[in-house]
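Have the structure open beside you as you read.

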Amino acid sequence: MGDAVKLSGAQIAPDAWIDGIESAEFKTLIDAKQRSIVPMIVIYVVGYIGLSVLAGFARNFLGTKVVGAVNLGFVLIAANYAMSWVLAIVYARISANRHDPLVKVVIDKAHAGGRAR
Amino acid sequence: MNLITVAMFAIVLLISLGITAWAARRTRTTVDFYAAGKGLTAAQNGFALAGDWCSAAAFLGFTGLTALYGMDGALYAVGPLVAFCTVLFLIAEPLRNTGTYTIGDVIMYRMRQPPALAAAIVGTIVINLAYLIPQMAGAGVLIKLLFGFRYDVSVMLVGLGMIVYVAAGGMLATSWVQIIKAVLMLGAGAIVLFLALAGVGFDPLVFFASAEAKAGPNFLLPGNLLKNPFDEVSLGLGYMLGLAGLPHVMTRFYTVPDATTARRSVIWVMFLAGAFFACTTIFGVAAVHYLGPEALRVGNPGGNLTLPLLAQYLGGGKDTVGGQLMLGFVSAVAVATILAVVAGLTLATSGAVANDLYVNLFKKGKVEEHRQVMVARVTAVLVGVIATLLGILAEGVNVAVLVILAICIAASANFPVLVLSLFWRRFNTGGVVGGMGLGLISSVGLALIGPGYLGANAIWPLVNPTVVALPLGILGAVVGSLLAGRDPEHEKRFGEVTFRIQTGLRSNHP
């Protein structure tokens with residue numbers, strides 16, 4: 001296992017990244033990643049830190065009854081579970097469908113560049 | 001002593017020792033010892049992550065906190081799931097793409113300077129020991145209770161178990177011990193959930209109404225445990241960022257072949273552990289419904305026996321076979337849980353000492369492969385012995401504060417250093433030392449003068465100082481970087497770092 005991994009790494013020239021980092025393909029990858037990850041980070045930070053701040057400073061508000069004895073606080077806690085799971089699936093899908101193909105393009109180019117030298 | 005517990009625990013122990021013997025024969029190289037040959041699948045690593053991240057504090061603690069303090073317990077339980085969003089979006093794939101065995105590898109890959117590695121080593125060791133000691137002490141109390149051994153004998157038994165797993169079987173044995181424990185834990189959770197819901201016609205709303213009626217109108221409000229509002233915010237911040245700085249969980253991403261598998265293993269753990277965390281909230285209110293708040297307060301310090309007591313009740317009660325069976329099962333799972341977590345912690349600490357300190361810092365990487373493995377095994381034994389001794393010394397000491405401290409240091413010192421190493425061009429060795437130093441000192445200092453340690457005589461109002469220590473850690477990292485001055489060569493190399501983080505190119509080449 002370990003040997004096979006090392007072989008696949010050794011085919012690439014040590015300075016292959018110099019071309020890679022400047023390439024248009026790599027910039028496209030970084031842009032695509034930032035466009036999808038930054039909004040998701042904003043959503044979960046606001047959702048979760050918002051809940052923590054309300055739990056500290058708006059205790060009676062979180063006690064507002066929603067369904068039977070269950071209050072707004074427990075509804076927001078449940079919403080945080082749902083938020084985490086939905087974001088996980090969305091991230092996994094975007095990564096597999098959009099980012100991974102872009103990564104492959106960049107790596108293929110680096111391999112080609114590495115052999116050319 | 002519950003014979004069923006002993007029998008069930010003996011079965012778990014025999015299976016894990018069998019796995020250790022199998023793993024020991026397959027563990028020859030450093031990549032085997034630290035990273036299970038980088039050959040785990042996404043599902044295997046997902047279960048192992050769940051095994052690593054769900055300590056006894058989660059398995060027993062969250063249920064107990066909810067039963068005793070209502071909503072604050074539920075807030076404790078949801079944070080560890082949200083924490084994996086941080087890991088998924090920012091850490092798991094970059095870590096897998098830049099490091100080999102430890103968090104120190106990532107820092108060293110970026111900085112190439114010994115002081116940066118030394119700071120990372122100190123961070124890992126302090127966090128792991130702060131995490132290990134309460135686990136050892138908790139295991140001592142639990143085994144004493146279950147089997148009737150003396151406290152020090154109980155701690156030594158746990159220490160012996162973890163040393164054998166780690167020193168003989170390395171990451172492969174540790175991973176499978178965690179996978180088995182996760183399966184047992186989720187199985188126990190599913191059985192308890194089914195029985196609890198069956199008692200109320202599968203309507204969990206009954207638990208909330210009944211718990212409020214029995215435990216008082218304030219029970220379902222926040223603030224019953226964390227009186228200071230800033231402690232609620234610290235809890236949130238600590239969890240959200242602290243998990244990503246915990247070395248024993250993060251090193252699990254080195255056990256998979258590539259970043260894609262690392263990512264898929266995070267999705268697995270988010271559903272496995274997340275579902276379990278959600279269940280602990282149901283178990284907590286169900287315990288108040290079935291057993292009543294008075295029964296839970298007697299002889300149940302910190303609420304840690306709530307889940308075993310609930311399981312016993314649901315199995316048929318104290319004097320029935322079903323009750324004994326359920327109590328025995330849940331207790332055996334609790335011991336297995338602690339053993340798996342301390343094994344993971346021992347392995348991560350050995351990595352920091354043997355790989356980072358001895359091989360990379362002292363010997364500059366010039367150590368033969370078989371000697372590295374030998375050093376790693378010997379280190380595992382030493383770390384295990386030290387942890388056992390500290391666990392014995394901790395008898396009767398309030399060690400719960402140490403768990404909070406470990407998470408606080410991970411969030412305030414390790415997390416900023418790790419993230420800035422991965423994503424900030426100007427970050428340098430001065431920043432690593434500044435961030436690690438200020439984050440560590442402010443976390444430890446504020447925790448020691450706070451109510452978690454000094455009780456009523458506290459000089460500082462918060463149990464969990466993350467809300468202050470985290471900004472200080474970030475400040476230390478930024479100011480340290482600026483003071484150290486610019487190094488054009490170093491900043492130029494950041495291009496290579498970014499390229500490798502994003503593509504994983506040469507990721508299995510140190």
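Q: What makes Met136(B) count as buried or exposed?
A: In this predicted model, Met136(B) has 27 C-beta neighbours inside 10 Å. The cut-off for buried is 20 or more, so Met136(B) counts as buried.

Q: Where is Met136(B), and which residues does Met136(B) touch?
A: Met136(B) sits in helix H7 of chain B. Leaving out residues up to four places away in sequence, Met136(B) touches Val155(B), Val158(B), Gly159(B), Val342(B), Ala387(B), Thr388(B), Leu390(B) and Gly391(B). Glu489(B), in turn, is 353 residues apart from Met136(B) in sequence and 46 Å apart in space, C-alpha to C-alpha.

Q: Why is Arg486(B) called exposed?
A: Arg486(B) has 10 C-beta neighbours inside 10 Å. A residue is exposed at 12 or fewer, so Arg486(B) counts as exposed. You will find Arg486(B) in the loop between H20 and H21 of chain B. From Arg426(B), Arg486(B) is 60 residues apart in sequence and 7.3 Å apart in space, C-alpha to C-alpha.

Q: What class does Arg112(B) fall into: buried, exposed or partly exposed?
A: Arg112(B) has 13 other C-beta atoms within 10 Å. Buried takes 20 or more, exposed takes 12 or fewer, and partly exposed lies in between, so Arg112(B) is partly exposed. Arg112(B) belongs to the loop between helix H6 (103-111) and helix H7 (114-147) of chain B.

Q: What is there to notice about the phi of Arg112(B)?
A: Phi of Arg112(B) is near 60 degrees, a positive value in a residue other than glycine. For comparison, most residues other than glycine have a negative phi.

Q: Where is Lys38(B), and what is its phi?
A: Lys38(B) lies in the loop between helix H2 (30-35) and helix H3 (42-53) of chain B. Its phi is near 55 degrees, a positive value in a residue other than glycine.

Q: How do you know whether Lys38(B) is buried or exposed?
A: Count its C-beta neighbours inside 10 Å: Lys38(B) has 22. With the cut-off for buried at 20 or more, Lys38(B) therefore counts as buried.

Q: Which residues meet where H17(B) packs on H18(B)?
A: On the H17(B) side, they include Leu405(B), Ile409(B), Ala413(B) and Val417(B). On the H18(B) side, Gly435(B), Met436(B), Gly439(B) and Leu440(B) are among them. By class, the residues of this contact divide into 13 nonpolar, six polar and no charged.

Q: Which residues make the contact of H12(B) with H14(B)?
A: Phe283(B), Gly284(B), Ala286(B), Ala287(B), Tyr290(B) and Leu291(B) of H12(B) meet Thr306(B), Leu307(B), Leu309(B), Leu310(B) and Tyr313(B) of H14(B). Of these, nine are nonpolar, two are polar and none is charged.

Q: What makes up the side of chain B that touches chain A?
A: Here 47 residues of chain B are in contact with 48 residues of chain A. Elements of chain B that give two or more residues include helix H5 (71-98) and helix H12 (259-291). The largest share, nine residues, comes from H5(B). By class, this side has 27 nonpolar, 13 polar and seven charged residues.

Q: How many helices and strands does chain A have?
A: Chain A has five helices and two strands, running α-α-α-α-β-β-α from the N terminus on.

Q: What are the confidence scores?
A: The mean pLDDT of chain B is 92, and 99% of its residues reach 70 or more. The model scores ipTM 0.94 and pTM 0.93.

Note on methods: Residues are numbered from 1 along each chain as its sequence is written. Chains are lettered from A and ligands numbered from 1 in the order in which they are written. This is a predicted model: local features need pLDDT of at least 70, side-chain atom pairs count only at pLDDT 80 or more; totals for chains, interfaces and linings use all residues. Two residues are in contact if their C-beta atoms, placed from the backbone, lie within 7 Å. Helices (H or I, at least four residues) and strands (E, at least two) are DSSP runs, numbered from the N terminus. Ala, Val, Leu, Ile, Met, Phe, Trp, Tyr, Cys and Pro count as nonpolar, Asp, Glu, Lys and Arg as charged, and the others, Gly among them, as polar. pLDDT is the predictor's confidence in each residue, from 0 to 100.
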